[in-house]
Amino acid sequence: MHDYDLLVVGSANADLVTAVERRPGAGETVLGSDLAVHPGGKGANQAVAAGRLGARTALLARVGDDAYGRLLLDSQRSAGVDTVGVLVGGAPTGVALITVDPSGDNSIVVAPGANSRLTPADVTAAASLFQAARVVSVQLEIPLDTVAEVVRALPADTRLVLNPSPPAPLPAEVLAACDPLVVNEHEARVILGGAGADVPEAPEDWARGLLALGPRSVVVTLGGEGALVAGPEGMARVPSVKVDAVDTTGAGDAFTAALAWRLGAGEDLESAARYAAKVGALAVTRAGAQVSYPTGAEVAAL
């Protein structure tokens, strides 16, 4: 019996958000709205999203011993996430500087802070969390050698979901463990074109190219066009859910968390992606990241 449906290993940031009429060009200053501070970070976002859906969730991360760190811990606990794996201290809490334009699209700059101090030794010390989890989800806002240690720490019956964001070349052992590798268009292009190769235009071609690198399955998120799932059973398109977008910040994290949870519950990749598309759609209808995530009841109502 697993104690957790999902263990998330990753980053925890304070999101500093301002709305702008347009993004500044080089050397240009633009005025934004009043600054809003939200709990964020791809790891913390995924944990809260899963917790709000009803998944038994734990987070392995590192925050600073500061006000932002307390903000993040409070957000996790309010979503029902077990924070026994959240380490405190070593550096200030990470911060993400986010601008949001009128269409809801965002641009993000991350100062990693304590996230860069989450080490392979921290993963090793958390062996009991890995043993207790059906699925482990990880991203790349923590050191790559820590991600590689996560792969080594996986029990034989535990599934790994990886969102390589921000994208970077991945070791073969990490790629081989992904089931699935979850990428958006930008991440797919970077990973496929990292060696200077020409990247095809069709998402189906991206998926084939990514599968050839070693993952057991691949999910390509396509924004308003939905998603593409690919694995041993073949490929399938998953339609998007049409909503009026307010803010896309953290929507991909909500999608990935929902996908990981439903996979751990025994759903096939396409069914899990259909559920995740609903979760991601609801998330973009509200401002912010963690504060925008729906409950399981809200998803059922949609």
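Predicted model: local features only at pLDDT ≥ 70, side-chain atom pairs only at ≥ 80, totals over all residues.
Figure 1. Apart from neighbours within four places in sequence, Ala257 is in contact with Leu6, Gln46, Ala49 and Ala50. Ala257 has a relative accessible area of 0% and is therefore buried. Ala276 stands 19 residues from Ala257 in sequence, and the C-alpha atoms of the two residues are 7.8 Å apart in space.

**Figure 2. Crossing of helices α1 and α9.** Two packed helices are described by the angle between their axes and by the distance between those axes. Here, the axes of α1 (residues 42-53) and α9 (residues 251-264) come within 8 Å and cross at roughly 55°. An angle that lies between 35 and 65 degrees counts as oblique, and α1 and α9 are therefore oblique to each other. The crossing in which α1 passes α9 is right-handed. From α1, the residues that take part are Lys42, Asn45, Gln46, Ala49, Ala50 and Leu53. They meet Asp253, Ala254, Thr256, Ala257, Ala258 and Trp261 in α9.

**Figure 3. Crossing of helices α9 and α10.** The axes of α9 and α10 come within 8 Å, with a crossing angle of roughly 145°. The passage of α9 across α10 is right-handed. On the α9 side, the contact is formed by Ala251, Ala254, Phe255, Ala258, Leu259, Trp261, Arg262 and Leu263. These residues meet a set in α10 that consists of Leu269, Ala272, Ala273, Tyr275, Ala276, Ala277, Val279, Gly280 and Ala283.

**Figure 4. Length, cap and burial of helix α10.** Helix α10 comprises 15 residues (269-283) and, at 1.5 Å a residue, should span 21 Å; its end C-alpha atoms are 21 Å apart, so the expectation and the model agree. The N-terminal end of α10 is capped by Asp268, of which a side-chain oxygen lies 3.1 Å from the backbone nitrogen of Glu270. The helix is mostly covered, with eleven of its 15 residues buried. Among the buried residues are Leu269, Tyr275, Val279 and Leu282, together with Gly280 and several alanines, including Ala272 and Ala283.

**Figure 5. Ser292 in the loop between α10 and α11.** The loop that holds Ser292 runs between α10 and α11 (296-301). Ser292 has a relative accessible area of 0% and is therefore buried. Its side chain reaches the backbone oxygen of Ala283 at 3.2 Å. When neighbours within four places in sequence are left aside, the residues in contact with Ser292 are Leu282, Ala283, Arg286 and Ala287.

**Figure 6. Gly214 in the loop between α8 and β11.** The elements on either side of this loop are α8 (203-212) and β11 (218-221). With a relative accessible area of 31%, Gly214 is partly exposed. Beyond neighbours within four places in sequence, Gly214 is in contact with Leu175 and Ala176. Val48 is 166 residues from Gly214 in sequence, and their C-alpha atoms are 30 Å apart in space.

**Figure 7. Packing of the buried residues of helix α5.** In α5 (residues 144-153), the buried residues are Thr146, Val147, Ala148, Glu149, Val150 and Val151. The helices against which the buried residues of α5 pack are α3 (120-125), α4 (127-131) and α6 (172-177). The strands that pack against these buried residues are β1 (4-9), β8 (133-139) and β9 (159-163).

Methods. Residues numbered from 1 in each chain as written. Heavy atoms only, no water. Helix = DSSP H or I, 4+ residues; strand = E, 2+ residues; numbered from the N terminus. Expected span 1.5 Å × (residues − 1). Buried < 20%, exposed > 50% of the residue type's maximum accessible area, 1.4 Å probe, protein only. Polar contact = N/O pair within 3.5 Å; in protein donor to acceptor, adjacent residues only side chain to side chain. Axes fitted to C-alpha atoms, helices over the stretch in contact; angles between N-to-C directions. Parallel < 35°, antiparallel > 145°, perpendicular 65-115°, else oblique. Left-handed = near helix turned anticlockwise from the far one by under 90°. Contact = heavy atoms within 4.5 Å.
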